[in-house]
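This report covers a sheet, a helix and a ligand site. Please view the sequence and model together.

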Amino acid sequence: MTSLLAIDCSPRYEHSTSRKLTSLFVEKWRAAHPDGEVVERDLIKTNLPFVDLPWIGGAFTPPEHHSPESAAAIKISNDLVAELQAADRIIIGTPMYNFTIPAVLKAYIDHIVRVGVTVVDNVGQLTGKKATIILASGGDFSPGSPFEGYNQASGYLRQVLGFIGITDLDIILAGRERAGLVGETAIEEFGDVVALAAAA
Ligand SMILES: Cc1cc2nc3c(=O)[nH]c(=O)nc-3n(C[C@H](O)[C@H](O)[C@H](O)COP(=O)(O)O)c2cc1C
């Protein structure tokens, strides 16, 4: 059975452009894959810890050498990696914060990039997956726009996801959100491109 992992990280919920578009993507994907499974991962509700010393101990030593603290710290990472490994299709909806990704999405990335697990000898292990990112922003960072070069999110996401083997990646720049704080034009402006991505 094919499966979709849908990751959201905006704290603005019903006002969020990225969440509106992610949920449209999920709706269209479900319609195209009636037997498919959808797993929703809301990073705002996941309460991800940052990498700390017990986590590093857990990530860089074999399980039989884990202290109780390291075993506990690495568990969420193992769970998130397993969730990602199980997905055939991935959609990530994220705001742009200060020209890059929100801290909560970076914390997620720190949990899923695992030497010896998702990267072995510098080779990404999560191959054969297709991913789409919806990057919501107040400004316009589309190619040729004056602020294109300020967008640190797209290149970083492409690089780090590629590092773990997710190289088939599309990024939808849901920028220049005219409605500002309420995102009400999101579907009107970007719905078609999101629907197309979900059908691909
Ligand atoms: C803390 C913070 C930082 C932001 N930084 C940027 C930025 O660097 N560039 C930009 O274009 N918009 C920025 N914005 C605007 C958001 O990217 C925009 O409102 C987007 O729609 C947020 O996604 P959401 O609607 O899914 O929450 C920022 C918003 C917040 C709250």
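The sections below describe the basis of the model, then the sheet and helix, then the ligand site.

## Basis

This is a predicted model, in which local features need pLDDT of at least 70 and side-chain atom pairs count only at pLDDT 80 or more, while totals for chains, interfaces and linings use all residues. Residues are numbered from 1 along each chain as its sequence is written, and side-chain values use heavy atoms, without hydrogens or water.

## Sheet and helix

Five strands form an open sheet in the order E2-E1-E3-E6-E7, with parallel pairing. Strands are DSSP runs of E with at least two residues, helices are runs of H or I with at least four, and pairing requires at least two bridges. Neighbouring strands are turned by 15 degrees on average, direction ignored.

E6 (residues 130-136) pairs with E7 over 7 bridges, and Lys 130 stands opposite Asp 168 in E7. Helix H1 (residues 17-32) lies across E1, E2, E3, E6 and E7 and runs at about 170 degrees to E1; angles, from 0 to 180 degrees, are taken between N-to-C directions of axes fitted to C-alpha atoms. Contact means heavy atoms within 4.5 Å.

## Ligand site

The ligand is surrounded by 16 residues, with Ser 10, Arg 12, Ser 16, Ser 18 and Gly 139 the closest; the limit is a heavy atom within 4 Å. By class, this shell has 6 nonpolar, 8 polar and 2 charged residues, with Gly counted as polar.

A polar side-chain atom of Ser 16 lies 2.6 Å from a ligand oxygen atom. A polar backbone atom of Asn 98 is 2.8 Å from a ligand nitrogen atom. Polar contacts are N or O pairs within 3.5 Å.

Methods
Polar contact = N/O pair within 3.5 Å; in protein donor to acceptor, adjacent residues only side chain to side chain.
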